[in-house]
Amino acid sequence: MRRARPIPNPVVTRAAIAVACLFTSSGAAAASDAIVARRTSGHLHLDGRLDEAAWRVAPAFSAFVESFPRPGVPADPRTEVRVLYDDETLYVGVTCFDPQPSAIVRQLARRDTDLTSDRVEVAIDADADGRTAVDFSVNAAGVLRDQLLFADVNSTDSWDAVWDAAASIGADGWSAEIAIPFRQLRFSEEREQSWGIVVRRFIPRTHQVLDSTLVPREANPVNAGGLVVSRFGRLEGLVELQPRHGFELLPYVATRTTLRPQFSDPGRPGPRLLDPALDVGLDFKTALARRLTLTGAVNPDFGQVETDKVIQNLQNAEPFFPEKRPFFLEGLDVFQPVGAEYGSPQQLFYSRRIGLDAPILGAAKVTGAATSRLQIGVLDSLVMGAGNRSLVPVGYTSPDSATLAPYEERPDRRWRFRLAQPFHLGPEDALPGAHPVTTNYFAAIARQRLSGGSTAGATFTAATPLEPRCLRSEFPGEAEYAAAGCASHGANALGLDLDVPGVWGGFAQVEASQAVGGPAEGRKLWDGTVLRAGDLGFGGHMRAGKLGGEPWRFDVTYVYEDPKLDLNAVGFQPLSNYQWADLDLHYVRPSGLGPFHAFQLDYNLDVNWTADGEWLPRGINTNVFSKVQLPGYQTVGVRVGVEIPQYDTREIAEAGVPFERMGDVFASLVLGSDPSRELQASGDVFAYRAMRQGAFEPMTGWGWDLSMSWRPHHRLETRLDGAFGHKPQGPRWVETLPDGTAIFGLQDPIFLSLTLRQQLVFTPRLSAQLYAQLFTSAVRYGRDFYGASLQGRSRLPLSELGPTPYSGSPDSHDAVVNVNAVVRWEYRLGSTLFFVFTRSQSELPFRDGSVPSGMAAPQLFRGRTTESVLVKWSYWWDA
């Protein structure tokens, strides 16, 4: 009979852990706890079974401890790790004993999917710097995932490497073999080496996390339970290793057939044209030195990448979208600003800017460590696009559908070679209707490690347009050319940062921007600030306090953004002319509190002003949030808050007159089911109440954002995400009339979004995935409008708005369906074949110009439809 495990006293356990930490260095475990590697000369067949003779003579490490849910308890069931290596590869074998092999969760999925499944992770700090590591994981079904750990506590799954692993289930549990080529690691040339390592095992049905070296959940202030590189154990026995400087090539060929509407007018969904196209390109990677990697791409194609989610954005700030393109994902951690894990308000580098308006001809980047203490990253990308000259009327740089209609009647179906796109072939009329601006994007960053683990860094970015927005040949004379405002613009930016990690620590960044190019009279930003060539802007942010440990944490934040600070040419800066101060208080128990597995209580106070010297109040916001993980591993959280009325400098576009917005109170309920179940659900429900202010009555709104996943079979997963929102906004700017009167309407928006992700996996290397989103929204303004003259005003309070006759109709309605289906086959290691089908459809406008008042979209499936089929083949070659 199997004896039940004793449950230790949690107070004694945590005290023992604390005492152990006092006598253990932060960078290494005791030598007796090291995992020892053994050199082998025999061939290992990667099948997940540790049955070769070499495995039997390799030293077994089994001193695992439980880090969750009972930190510090000796691990049960037993786990063994063995490590072998030859001249080319590091092999890690993990045996996961399990008294119930039939209960092992072995969910199949595409590579790099984070699964709730029995799995093991092997994280290696080959450079032994206690700051950076690479993490390789494989689950019981053989699904691979890799990620990069950086800055000790941060992680990103954007790092991809070519390696292999296999898993096998037996009578006493399951086992895994992991083969990591030395070319994927960066290490020294010393004869004997000692690396950092942690092996972690996940058992979802018991929620256990077992570690080869205990990493307490409270040790990672960014992600409770995440790995901490400085707390890794040691991997010994590595002798006479030779760093590998291989050269990787990944050429591709992509054929695409697109069926699209002939006319750009949304009211003319037909006829449609069939556009075939051919692209060839190349990705490459090589080691310039032991710690430096050069990565490049020629005519990169990202047709297999999932489309961005459609959202309803009612704010006057640009939404942030995550990067999904493989070339930019790899090494992206190097370009992350300090404090990115807390949500940086100022990013000097935002890779989504590159290739936004025109295809990328070529890009290259160098990332890694120049010395043992200096990390660098340099990226350069040239964006070039060919415009369809037969469609561009003389004098137009952004032609609308009405202007283009006569030219679209006679589409040019000829194929022409374009020097701007030498690796692309397709019909002339499939090119953009406006001339894309050839632009060079550059980013460089250097971070020096200081004593105590602190770092100091510098970042420089530049967007340099290489031609005007329109060409002289498009205009009959110099006067017409000058009047068209064809000058293109870019920007330079420089930032300096300091990061002090630790329980007591913080980070800070200061930056400056310089406008480049643009019209002689300058260009207006959203808040009315005029930016001319050479203008400088300044900004910065800092955060400091007790950022780690438990139970109490606190920090203060200050952010400053000069009116002329503009990082958006290469970076991301959603606001300007802004400064704010935050106070955050936290009571956290990530290792549990009483019957709860985790508990947190947060308080935030946020005070805002303008940064133009006027100190105009932009608002005071405060909220309280509490979340617990229940004994059944469900999550429950509650947030309540209030937003005091504020002046928004960007509401009245380009006017430079701040407008007072209505305040509100809100509450939200956060729920999450047990994440180990086959059927999971999570999300939040919110309620909102706008405050009464002057003549404007209070308004009520509500919404929800829910997600559900179902795994009825280990090869199948269905995920459904839904969101609904009804949040009345009060008076919002509609337009400014020629006489200077600003018109406002009571904005009443509503939206519904449903997203399906269906995954069918045949093998870990062959999978099919379906993405489909239905989105519909309506923005209504009612019958009453309000106005006020902007003449001579320095601000516009709500009390000075008066009823104003207005004959316009700002109501809007939007409905789209996006579908993306991908079949991915990794037919050999590192080489893939993609089959991709995409379909995008938007609703057909009513002929009488009327707009539906609700979310119903009767004209959706009668509107414009674009469909595309892509076949992309790539072949990985390593020398």
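**Close-up 1. Surroundings of His-245 in the predicted model.** His-245 touches Ala-287, Ala-289 and Arg-290, leaving aside residues up to four places away in sequence; contact means heavy atoms within 4.5 Å. The model is a predicted one, in which local features need pLDDT of at least 70 and side-chain atom pairs count only at pLDDT 80 or more, while totals for chains, interfaces and linings use all residues. Residues are numbered from 1 along each chain as its sequence is written, and side-chain values use heavy atoms, with hydrogens and water left out. His-245 belongs to the loop between β14 (233–239) and β15 (247–261). Strands are DSSP runs (E, at least two residues), numbered from the N terminus. Because its relative accessibility is 43%, His-245 counts as partly exposed; this class lies between buried (under 20% relative accessible area) and exposed (over 50%), computed with a 1.4 Å probe on protein chains only. His-245 and Leu-185 are 60 residues apart in sequence, and their C-alpha atoms are 10.0 Å apart in space.

**Close-up 2. Asp-279 and its contacts.** Asp-279 is placed in strand β16 (residues 272–287). With a relative accessibility of 7%, Asp-279 counts as buried. The side chains of Asp-279 and His-424 are joined by a polar contact of 3.0 Å. A polar contact is a pair of N or O atoms within 3.5 Å; within protein, one must be able to donate a hydrogen and the other to accept it, and residues adjacent in sequence count only if both atoms are side-chain atoms. Residues up to four places away in sequence not being counted, Asp-279 touches Tyr-252, Val-253, Ala-254, Arg-256, Asn-299, Phe-423 and His-424.

Close-up 3. Ten of the twelve residues of strand β12 (residues 192–203) are buried, so the strand is largely enclosed by the rest of the structure. Strand β6 (residues 119–125) runs antiparallel to β12 and is joined to it by seven bridges; two strands pair if DSSP finds at least two bridges between them. Within this pairing, Val-122 stands opposite Val-199 in β12. β12 also pairs with β14 in the antiparallel sense, over five bridges, and here Gly-196 stands opposite Arg-234 in β14.

**Close-up 4. The hairpin of β12 and β13.** Four bridges connect β12 with strand β13 (residues 208–211) in an antiparallel pairing. Ile-203 stands opposite Gln-208 in β13. The hairpin has four residues between the strands, and His-207 takes a positive phi near 65 degrees.
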